[in-house]
Amino acid sequence: MSSVQTVEIFTDGACRGNPGKGGWGLLMRYGNIEKEAYGYVENTTNNQMELMAVIQGLEKLKRPCNVKLTTDSKYVVQGITQWIDGWKAKGWKTTSRQAVKNKELWQRLDKARATHNIKWQWVKGHSGHKENERVDALANKAIDEQSSSM
């Protein structure tokens with residue numbers, strides 16, 4: 001029987017205009033092995049790209065893992081650790097009875113996290129955190145590559 005793997009995932013989203021052209025980036029680390037990924041969305045928001053980066057990272061895992069997930073998005077960390085259970089209990093409504101913004105992405109994230117034991121960690125963006133700067137660059141690379149090909 002194999003033990004549960006511990007994986008580190010670092011994520012970031014970027015948007016030029018809000019809404020506007022967006023990108024997400026992620027770095028996955030298992031021991032000494034690192035993998036990067038990034039993607040582009042034509043018309044999106046910064047919060048949607050922050051969510052998408054996390055979703056993409058978790059969906060890439062092939063088996064249940066212990067995950068240390070680091071993001072500079074308080075929206076993502078607070079949403080997944082403090083708000084989501086209440087939203088679900090209220091039929092995806094906020095405490096003020098408004099529809100939850102980005103509901104489909106939150107539902108996808110909820111599904112993606114279900115089989116993993118995740119420790120959520122927030123870091124201040126643009127503060128010199130090496131991996132956060134790296135995934136920020138990937139998110140912006142996604143936008144730059146798409147913009148230069150148009």
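Student: What makes strand 1 and strand 4 count as joined, and in which direction do they run?

Tutor: In this predicted model, seven bridges link strand 1 to strand 4, the latter spanning residues 65-71. Pairing requires at least two bridges, so seven meet the criterion and the two strands are paired. Their orientation is parallel. I9, for instance, stands opposite L69 of strand 4.

Student: How do you know that strand 1 is also paired with strand 2?

Tutor: The same criterion of at least two bridges applies. Ten bridges join strand 1 to strand 2, and here the direction is antiparallel. Two of the positions can be checked in the structure: C15 has G22 of strand 2 as its bridge partner, while T11 has L26 of strand 2. A hairpin connects strand 1 with strand 2 through two residues.

Student: What is called cis in the peptide bond between N18 and P19?

Tutor: The peptide bond that joins N18 and P19 has an omega of about 15° and is cis. P19 belongs to the loop between strand 1 and strand 2. As background, most peptide bonds are trans.

Student: Why is strand 2 described as largely enclosed by the rest of the structure?

Tutor: A residue is buried when its relative accessible area is under 20%. Nine of the eleven residues of strand 2 are buried, and the strand is therefore largely enclosed by the rest of the structure.

Student: How do you know that the buried residues of helix 3 lie on one side of it?

Tutor: In helix 3, residues 103-113, the buried residues are L105, W106, L109, D110, A112 and R113. They cover an arc of only 165° around the axis, which places them on the same side of helix 3. The face turned away from that side carries E104 and K111, both exposed. The buried residues pack against helix 1 (46-59), helix 2 (74-89) and strand 5 (117-122).

Student: Why is W92 called buried?

Tutor: The relative accessible area of W92 is 13%. The cut-off for burial is under 20%, so W92 qualifies as buried. W92 lies in the loop between helix 2 and helix 3. Its phi is near 60°, a positive value in a residue other than glycine.

Student: What makes H126 exposed?

Tutor: H126 has a relative accessible area of 60%. Exposure requires a value over 50%, so H126 is exposed. H126 is found in the loop between strand 5 and helix 4 (130-148). It has a positive phi of about 55° although it is not a glycine. For context, most residues other than glycine have a negative phi.

Student: Why does S147 count as partly exposed?

Tutor: The relative accessibility of S147 is 32%. Partly exposed residues fall between the 20% limit for buried and the 50% limit for exposed, so S147 is assigned to that class. S147 is found in helix 4.

Student: How far apart are S147 and E42 in sequence and in space?

Tutor: They are separated by 105 residues in sequence, while their C-alpha atoms are 9.8 Å apart in space.

Methods:
Residues are numbered from 1 along each chain as its sequence is written. This is a predicted model: local features need pLDDT of at least 70, side-chain atom pairs count only at pLDDT 80 or more; totals for chains, interfaces and linings use all residues. Side-chain values use heavy atoms; hydrogens and water are left out. Helices (H or I, at least four residues) and strands (E, at least two) are DSSP runs, numbered from the N terminus. Buried means under 20% relative accessible area, exposed over 50%, partly exposed in between (1.4 Å probe, protein chains only). The arc is that of the directions from the helix axis to the C-beta atoms. Contact means heavy atoms within 4.5 Å.
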